[in-house]
Amino acid sequence: MIKINIIAVGKLKEKYLRDACDEYKKRLSAFANFNTVEVNEYKSDDISQVLKKEGESIIAKIPKGSYVIPMCIEGRQLSSEEIAKKIEEISLENSEITFIIGGSFGLSDEVKALGDLKLSFGKITLPHQLMRVVLSEQIYRAFSILNNSKYHK
């Protein structure tokens, strides 16, 4: 069974966001070992310092040998079906995929450079906490597509 990780900056503060992520984690357990790792969000007026500190924390948590997918606005935009196909392709060669969600200021160039595939869900701006729910849902949808579940219509 493939292992799917999300490394995310910050904690989910709102209960409704935690509940949504927990629901997708429960649903995903039928298809994958799903794990979320939270790293500390740094506060400073110096954006470059925030990106550096958060980036160092993220890099320290990336599992060795994992296929790395940073979520960033300049990444590739894929349909749900294309995400499913990509996960299927990756799983033929890798037993672990790690998605990365940055904080309020995004991701450092160092984190982006480690990406095997940079992924974007479009040019819209989403709060990074809400992005965790959206990403979890899309991962679940991808596995639903791959397993011919009724979830994806």
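Mentor: Let's begin with a definition: a residue is buried under 20% relative accessible area, exposed over 50% and partly exposed in between, with a 1.4 Å probe and protein chains only. Helices (H or I, at least four residues) and strands (E, at least two) are DSSP runs, numbered from the N terminus.

Trainee: Okay, and what kind of model is this?
Mentor: This is a predicted model, where local features need pLDDT of at least 70 and side-chain atom pairs count only at pLDDT 80 or more, while totals for chains, interfaces and linings use all residues. Residues are numbered from 1 along each chain as its sequence is written, and side-chain values use heavy atoms, with hydrogens and water left out.

Trainee: Is strand E1 enclosed or exposed?
Mentor: Six of the seven residues of E1 are buried, so the strand is largely enclosed by the rest of the structure.

Trainee: Which strands does E1 pair with?
Mentor: Two strands count as paired if DSSP finds at least two bridges between them. E1 (residues 3-9) is joined to E2 by seven bridges, and the two run parallel. E1 also pairs with strand E4 (residues 96-101), again in the parallel sense, over six bridges.

Trainee: What do E1, H1 and E2 make together?
Mentor: They make a right-handed β-α-β unit. Right-handed means that, with the strands pointing away from the viewer, the path from the first strand over the helix to the second runs clockwise.

Trainee: And how many helices and strands does the protein have?
Mentor: Five helices and five strands. Along the sequence they follow the pattern β-α-β-α-β-α-β-α-β-α.

Trainee: Let's switch to the overall shape. What is the radius of gyration?
Mentor: The protein has 15 Å, which agrees with the value near 15 Å that a compact globule of 153 residues would have. That radius is taken over C-alpha atoms, and the globule rule is 2.2 Å times the number of residues to the power 0.38. Along the principal axes, the C-alpha trace spans about 50 × 35 × 25 Å.

Trainee: How much of the protein is buried?
Mentor: Buried residues make up 46% of the 153. As for contacts (heavy atoms within 4.5 Å), residues 24 or more positions apart account for 85% of those with a separation of 6 or more.

Trainee: Now the aromatics. How many pairs are there?
Mentor: Rings of Phe, Tyr and Trp (its six-membered ring) pair if their centres lie within 6.5 Å; planes under 30 degrees apart count as stacked, over 60 as edge-to-face and the rest as tilted. By this rule the count comes to four aromatic pairs. In one of them, the ring centres of Tyr-24 and Tyr-140 are 6.1 Å apart and the planes are at 45°, so that pair is tilted. The pair links distant parts of the chain, with Tyr-24 in helix H1 (residues 15-28) and Tyr-140 in helix H5 (residues 128-146), 116 residues apart. Both tyrosines, Tyr-24 and Tyr-140, are buried.

Trainee: And what about Phe-31 and Phe-143?
Mentor: Those two are stacked, at 6.0 Å centre to centre with 10° between the planes. Phe-31 lies in the loop between H1 and strand E2 (33-39) and Phe-143 in helix H5, so the pair ties together parts 112 residues apart in sequence. Phe-31 is partly exposed at 21% relative accessibility, while Phe-143 is buried at 6%.

Trainee: Which residues do the ring pairs link into a cluster?
Mentor: Tyr-24, Phe-31, Tyr-140, Phe-143 and Tyr-151.

Trainee: Moving on, how many disulfides does the structure hold?
Mentor: Zero, taking a disulfide as a pair of cysteine sulfur atoms within 2.5 Å. For Cys-21, the nearest cysteine sulfur is that of Cys-72, 19 Å away. Cys-21 counts as buried at 10% relative accessibility, and Cys-72 counts as buried at 7%.

Trainee: Last one: what is Ser-57 in contact with?
Mentor: Leaving aside neighbours within four places in sequence, Ser-57 is in contact with Val-39 and Tyr-42. Ser-57 lies in helix H2 and is buried, at 18% relative accessibility. Ile-47 is also found in helix H2 (residues 47-61), but Ile-47 is partly exposed, with a relative accessible area of 40%.
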